[in-house]
Amino acid sequence: MNGIEHPGNGRTAYHFQPAKHWQNDPNGPMYHNGLYHFFYQYNPHGPTWDTGKLSWGHSVSGDLVNWAALDNALDPTAPFDANGCWSGSATILPGGRPAILYTGIDADKVQVQNVAFAKDPSDPLLREWEKPSCNPVIPYPADVTGNNFRDPTEAWRGRDGLWRVGIVAEVNGVGSLLVYRSADFLRWQRNAAPLHASSRDVPVLECPDLFPVAAAAQGATEGLETSAPSGAGVRHVLKLTDFAKEDHYMVGFYDDVADTFVPAEPERGDDPDNWRRLDHGHLYASKSFYDARNKRRILWAWVDETDGGGVARGWAGIQAFPRAMWLDADGKRLVQWPVEEIETLRRKRVGLRWATDVEAGGRKEIAGIVSSQADVEVVFEIPNLEEAETLDPEWVLDPKGLCAAKGASVHGGVGPFGLLVLASGDLEEHTAVFFRVFKHDGKYKVLMCTDLTKSSTKAGAHKPSYGAFLDVDVEKDKFISLRTLIDHTVVESFGDGGRTCMTARVYPEHAAMGSTHLYVFNNGTGAVKVSKLEAWELATAAVNGGSLAPVVVKASDPKEAL
Ligand code: DQQ
């Protein structure tokens, strides 16, 4: 597909989803022999999560945009995974043979770790996977409690030549990340000490990710291969999914001899809930991989439904659009940005020829494109901070609550200003992504919100507000940037160049009819200047539509690929 074909039934036009049924976590993403492989938790029998039926769905792509579905890579067929093939990762072994480590729910419903190997590594589609009979390669340990032992990371190799894998476990009630080592990928031995243990009562952690990032050069966006050794110019990121179903990360120093991790921000403590949040909206169970073709690290993440409508629709769950990810110059934050391949979908563009003011209480329509599937970049210039409201200290630690208390329609001093997306003509329905500047302790604090309170007129719709404070010096910078990807039932926003991200699922009734509006708005007391605005209508990608053709065409080197 390359036009604007309204997908209908709540489906998205360019976000990854199987043709039908349930999907959740991203599993084992990799680049191999000219193709991107993506696996995911999949129930091939229906639109709900059902442990006994979970398989690994499998799709391939030449460009991370157009995808072709293949047969499942793993199904629950053996005694060591009879009750479900749960999450895990892929590692490309020396010689180019891909291996999968995954959690099996065995015949006794116990969580164990299994391995599967690509049967024919020269098959570019990696269609068949074999599970050796020595599985489980890591049985359930005696000191693990609560049947919480799962989600192996991609393996990495230390300078001693041994493989390591991280597995989250509840060890005597404590949420921990265990490390196992192996010379042959079959026999694994547990390190005496975990790489991470939460001192607070956080028993259940999920979906760990540990990967290196380039630390040195300011603005360096290049990724590092997962086994890149720690050392000068290299930091590691430890990402954990916590009990609140949120993904949090900490940058730090990983020692690949002792397998220890020293956080760069120890003041945040060892409870991942206090670490930095990967995305302040509704996004979960992320997993990254190194893209050797374009030398970058790419993040995948599950974005669940929030309206419980999966059964009626016959499908549930999408993936966030793949994001390139790198370490910010401050050495503490990650920057996330949609992979540049999204630009191949850009069709009609509308923009500003010169900067324009949006008056207090004003609104300007960005017309001329189909904005139900669009990519919008906007830069606001804040001419005057004098009118900024004083921040009530009760909100300093609760930006989400502040966004709920001061939504897009609550007039302020400097802001709220931002975008109204997926808006009906009468504005009865709209999703607002906006900023609001506050005075606090002699400085300024910028709040970013996604306000869903008007996102849908459907009875019973889940309509929260998401929020975060940006780490910016608005007095010095004077500009705030926002990029928003709109795709029918998902709104992914990247504030401050991708340092603060917010993903939301929305179910507007009017958009199902195929027409929607896009605006910039300002509900502050002074004018705000839009110094840059570009919006593109995006074509509908071929996502698991049943044909390999778009994938073959887009592969980096067709000879290599097929
Ligand atoms: N989903 C998987 C588990 C993982 C959880 C099961 C996180 O392996 O811990 O579908 O969403």
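Predicted model: local features only at pLDDT ≥ 70, side-chain atom pairs only at ≥ 80, totals over all residues.
Local features are reported where pLDDT is at least 70 and side-chain atom pairs where pLDDT is 80 or more, while totals for chains, interfaces and linings use all residues. Residues are numbered from 1 along each chain as its sequence is written, and side-chain values use heavy atoms, with hydrogens and water left out.

The ligand is surrounded by 13 residues, of which the closest are Asp-25, Gln-41, Trp-49, Arg-150 and Asp-151; a residue is counted here if one of its heavy atoms lies within 4 Å of the ligand. By class, this shell holds six nonpolar, three polar and four charged residues, where Ala, Val, Leu, Ile, Met, Phe, Trp, Tyr, Cys and Pro count as nonpolar, Asp, Glu, Lys and Arg as charged, and the others, Gly among them, as polar. Strand S1 (21–32), strand S5 (85–93) and strand S15 (206–214) each contribute at least two residues to the shell, strands being DSSP runs of E with at least two residues, numbered from the N terminus.

Oxygen atoms of the ligand lie 2.8 Å from an N or O atom in the side chain of Arg-150, 3.0 Å from one in the side chain of Asn-24 and 3.1 Å from a polar side-chain atom of Glu-206. Of the 310 Å² that the ligand exposes when taken alone, the protein buries 95%, with areas from the Shrake-Rupley method and a 1.4 Å probe.

Across the whole structure, 28 aromatic pairs are found, defined as rings of Phe, Tyr and Trp (its six-membered ring) with centres within 6.5 Å, and classed as stacked when the planes are under 30 degrees apart, edge-to-face when over 60 and tilted for the rest. The pair of Phe-39 and Trp-129 is edge-to-face, because the ring centres are 5.7 Å apart and the planes stand at 85 degrees. Phe-39 belongs to strand S2 (residues 35–43) and Trp-129 to strand S8 (residues 129–130), so that the pair links parts of the chain 90 residues apart.

A polar atom of the Asn-66 side chain lies 2.8 Å from the backbone nitrogen of Ala-542.

Note on methods: Helix = DSSP H or I, 4+ residues; strand = E, 2+ residues; numbered from the N terminus. Polar contact = N/O pair within 3.5 Å; in protein donor to acceptor, adjacent residues only side chain to side chain.
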